[in-house]
Amino acid sequence: MKLLKLVPDDTNIDFVRLRGLAFGLTLLLSVLALGITFYKGLNFGVDFEGGLMIEERFAQKPDLDRVREVVDRQGVGEAQLQTFGDPRTITIRLPVQQGGNEGATNAAVKKVEAALGQAFPGAEFRRYSTVSGKVSGELIRNGALAVVLAILGIGLFAIFRFEWQFGVSTIVAIVHDLLMTLGFFAITQFEFDLNIVAAVLTIIGYSINDKIVIDDRIRENMRRYRRMEMREIINLSVNETLPRTVMTSVTILLALFALLFLGGHVLRGFTAAMILGILVGTYSSIYVSSSLLITLGLRAEPGAADERPRGAIDQAERVGPRG
Amino acid sequence: MLDFPRWKVVGIWLVIVTLVSLSIPSFLPERYTQGWGITPPRVNLGLDLAGGSYLLLEADTNDVAASRVEQMREQVQTEMRRQDPRIEIGEISSRGGKLSFLLRDPSQVDAARERLLSITGSGAGMTGQREWDIQVVDSSRFVLTPTSAGLTQAVNSAMDLATEVVRRRIDELGTREPTIIRQGNNRIVVQVPGLQNPQALKDLLGKTAKLEFKLVDVNADPAQLAKGQAPAGSQVLPYPNNPGGLPLIAVKRSAIITGDMLSDARQEFDPQTNAPQVSITFDGQGGRRFARVTRENVNKPFAIILDNSVISAPNINEPILGGRAAINGGFTVESANQLAIALRSGKLPVDLRIVEESTVGPDLGADSIRAGILASAVAVALVVAFMLVTYGRFGVYANLAVVINVFIILGVLALINGTLTLPGIAGFVLTIGTAVDANVLINERIREERRRGRNVVQAVELGYKEASRTIFEANVTHAISGVIMFVLGSGPVKGFAVVLLIGIATSVFTAVLFTRMLVAQYLRRAKPKTITI
C-alpha cells in the first residue's frame, strides 16, 4: 500500500534565511492587527459588555428591518441584530435596562418576546441571557487574567525545561498569535465572548505544543551535533519536524471544520477562532519562534567535547529513503 | 520496550474495559437504567444542552449591615426596658451604619454598658473577636459601631441562610436536580435544568417575603400622613391598593406577628368571593399572641405587611382564636401560590438581585446535542480516514486509540459526575484532533529512524522513546492552560476545560501505552523484516 505523505522526505528549506522576511511580515501584521483592534474595537458579547441578549427563531427568514422596527417600538433601547449561519435565527442585543434591576430586564424580555410573537407568527424563543455591568467587568478581568497567566505559566515552564531563549521566543510567538486572533475578531466583528477566551487559551496551548516539539528537537540536535552552527541546527530541526507539524495541523483542522459546518451556530465563533489560531500558530512555530532563537543568541554549550566530530550537515544522519 | 508481560497486557485491557463500560449508561435513556437497583454514573448535561436557567444572585452587603443595626436597635430597646431598674433612653438613631442613643440618667452608664455587653457578646465568642465597638461620648451618649469582623460574620450567616431559603423555594417548584451553590462572599449560583418557565422562578427569588402583622395607627393625621410623617411610635408604609384613597398608611412600629411565627401557608379560595387567597397557620406562640392582640383590639384595623408594603388592612371584627388567618389582596391563583411558597420557605435575610442570567430553551439544547454528535462523528471519521491513508497499519492502531479514547473520556466524565456543556463538545472534537498528535509524533519518528537505516524493532523502540519525552512536555504545557481555564473560567468555559484536561490525561494512556502494546504484539507475532509507514 502506498501511503500518503503530505510533506516529502528530507525537505531542506532554509527557514532561517527567510527569517528577515518573516520577522518583517510578522511585525507588520501584528502592528496592523493591533491597530485594527484599537480602531474598530471588538464586538463584545453580553458577557463582557453587560446587557441583554435574546435569540429567536422564526418560521421563515424574516425581514431584518421589520424585526428591528418591532423591537425598537418597545422602548427598550437600541437593538443590534445579528445572524450567524442560520438565516432564520436572529440574535437581538439590547443595552442594560434603565433602573438596572431584574424587574426592568424581565419586563424588557417579555415585551420583546410578546411583540415578536405577534408580528411574526411561529417565532419561538431559543435562549436569552442578561449580564449586569458589574459582573461583566469581573468576567473581562478574569478572562484577561487567565490569558496572561497562561502565557506566563507556559513561558516559565519553557525556561525551566530549556534555556531562557526558548521561553522568550515562545512568548513572542504567542503574543503574535494572540494579536492575530484579536485582529481577526476586529475585522469580522464576530461576537467576542467568554467562549472566545476559552478558544484563545486553547490556541495558546496548541501553539505552544507546536513550539515545544520543535524546541525539543533543537535541543536534541544541539547535543547530537555539537560543532554544527546554530542556524544549521535550527533549519535541520524545523525540517525534520515539518511532517509532524503539518500532519497535526491538518488533523486538527479536519476535526475543526467538521465542527464549524456541523456543530451548530452557537459554537461557530469559537470554532472560527480556533481554526485561525491553528493556522497562525503553525506559521509562527515554523517561521518565528525558532528563528528568533538565533537573534536571541542561543549557542551550543561552548567548550564541551564533541562526541561526533563529523557533525556537519552534509554528514549528518539524513540518509535518503530506503527502497 | 517491546516486552509486554502478561499482567501488563491484562491491566491495560482491564482499564479500558472498565472506563469504556462506565460510559455506557450515559448513552441509555434514563428509564432503562432505573431498574438496575443501583444508580449508574452518568454524564450530566449542562444547561446549554439540556435547556434551563442559570442565575447569579447577589446580596447587597450594605443591606445586611443596615438590617443588623436595625436589629440591634430593637434589642437595645427591649434590653434596657426588660430588667429592673429600667434604663430610660432617648434620641435613638441608626443612621450612618451606627447605632447611637442617649441615657436620660448619666449615672446609669455602667449599668447600661453591662447590659449592652450581654447582648453584643463579650468577645469570647467563636472567633474571639468583638462584633461591636461600644463607645461612650459626652458621658451619656452610647455609640455602637459594628466591627468588620462582626460584619463579615453577619454577611456569612445571612448568605448561608439565604442559600437555604433559595433552596427551599426552588424545591417547592418541583424542578429536577437544581444546583444551588454559594459563591464567593455575597453570591449564590442557581442552575435549574429543563425549566420551562424561568419567570416564575425569578419572581419567587425576587421576593424577600418578610411578613408582618401590625396594628394600624388610627390616630394619624391624614395631612401629616400625606407628607409621609407619622406620630411617634408609628411609621408610614406604602399601601398601593388602599380602598380609602391615599396609597400610604400609618402603622405601629412594633409587630404583632412576624413571618417566623408561621407554621404553614397555603393557597386557597375565599369561601365567600371565591377569589384566590393565602391562608396561614400560626405556630403556638404566634397563635397565642394573635389571639391576645385581636381580643384587645376588636373593631380596630390591622395591617398585613409584605416586604414593607401593606397588602391589606382588614378590621378585627372579633377575636381570632383559632391560630389561622387569611391574606386577601387581589391575588391571582399563581401569585397567591407563589406567596404561599415564599412564606412557607421563610423570609430571605437579605435582598437578592439577579446580576447574571441565561436561559436556554429546550429546543435549542436538543439541536445543539444533535449538531454536536454529528460534528463529533464526522470529525472522528475524517481523522480516522486521514490517519489510515497516512500511516497504514500504524494508523489503524492510532485510530483504535482515538475511538477508545472518546469513550474513556465519557466514562471518566461520568465517574467524576462531570457536566458536559456545548463548549465541552468542542473540547471533545478538539481532543479527537489532538489525541492523534501523539501518534503522529511517534510515527513520524519511526519513519525518520527507518530512513536513518535502523531496523524495524530499533526504529519502533527509538520512535516511542524519543517521542515520549516530547509528548510529555507538550502535554504539560497544554495542561497548564487547561488548569488556568478551569480555575478562572466560569460555567461553559469550565466545562470545556474539564473535557480538555481529562482528554490530555487519557490520550497519553491510549495514544502511547495502548498503541505501543498493539505494535509490540504485532512485531512479536509477525516478526516483519520491513514495515510500511
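Predicted model: local features only at pLDDT ≥ 70, side-chain atom pairs only at ≥ 80, totals over all residues.

The domain assignment divides chain A into domain 1, made up of 19–44 + 136–301 + 309–315, and domain 2, which takes in 51–131. Taken over C-alpha atoms, the centres of these two domains of chain A are separated by 39 Å. An unreviewed UniProt entry places the annotation "domain: Protein export membrane protein SecD/SecF C-terminal" on residues 112–297 of chain A. Over residues 112–297 of chain A, the chain is 83% helix and 5% strand, with 62 Å between the end C-alpha atoms.

For chain B, the UniProt annotation "transmembrane region", again from an unreviewed entry, covers residues 7–28, 369–389, 396–416, 422–442, 471–489 and 495–519. Two of these spans can be described further. Residues 396–416 of chain B are 95% helix and 0% strand, and their end C-alpha atoms are 30 Å apart; residues 471–489 of chain B are likewise 95% helix and 0% strand, with end C-alpha atoms 26 Å apart.

Which residues touch the most other members of the largest nonpolar core? In this core of 195 residues they are A:Val200, A:Leu201, A:Ala255, B:Ala162, B:Val429 and B:Ile432. Helix 7 of chain A (residues 194–224) gives the most to this core, contributing 15 residues. Leaving aside neighbours within four places in sequence, A:Val200 is in contact with A:Val147, A:Leu178, A:Thr181 and A:Ala273.

B:Ile134 lies in strand 5 of chain B, which runs over residues 132–137, and B:Ile134 is classed as partly exposed because 15 other C-beta atoms lie within 10 Å, a count between the limits of 12 or fewer for exposed and 20 or more for buried. Not counting residues up to four places away in sequence, B:Ile134 touches B:Arg113, B:Leu116, B:Thr120, B:Phe142 and B:Leu144. The C-alpha atom of B:Ile134 is also 8.9 Å from that of B:Pro146, twelve residues apart along the chain.

Is B:Pro85 buried or exposed? B:Pro85 counts as exposed because it has 8 C-beta neighbours inside 10 Å. B:Pro85 sits in the loop between helix 4 (61–82) and strand 3 (89–93) of chain B, and its C-alpha atom is separated by 9.7 Å from that of B:Gln108, 23 residues apart along the chain.

Notes: Residues numbered from 1 in each chain as written. Chains lettered and ligands numbered in written order. Core = buried A, V, L, I, M, F, W, Y, C linked by C-beta atoms within 7 Å. Helix = DSSP H or I, 4+ residues; strand = E, 2+ residues; numbered from the N terminus. Contact = placed C-beta atoms within 7 Å. UniProt positions renumbered as here; feature names shortened; annotations may be inferred. Domains from an automatic or database assignment.
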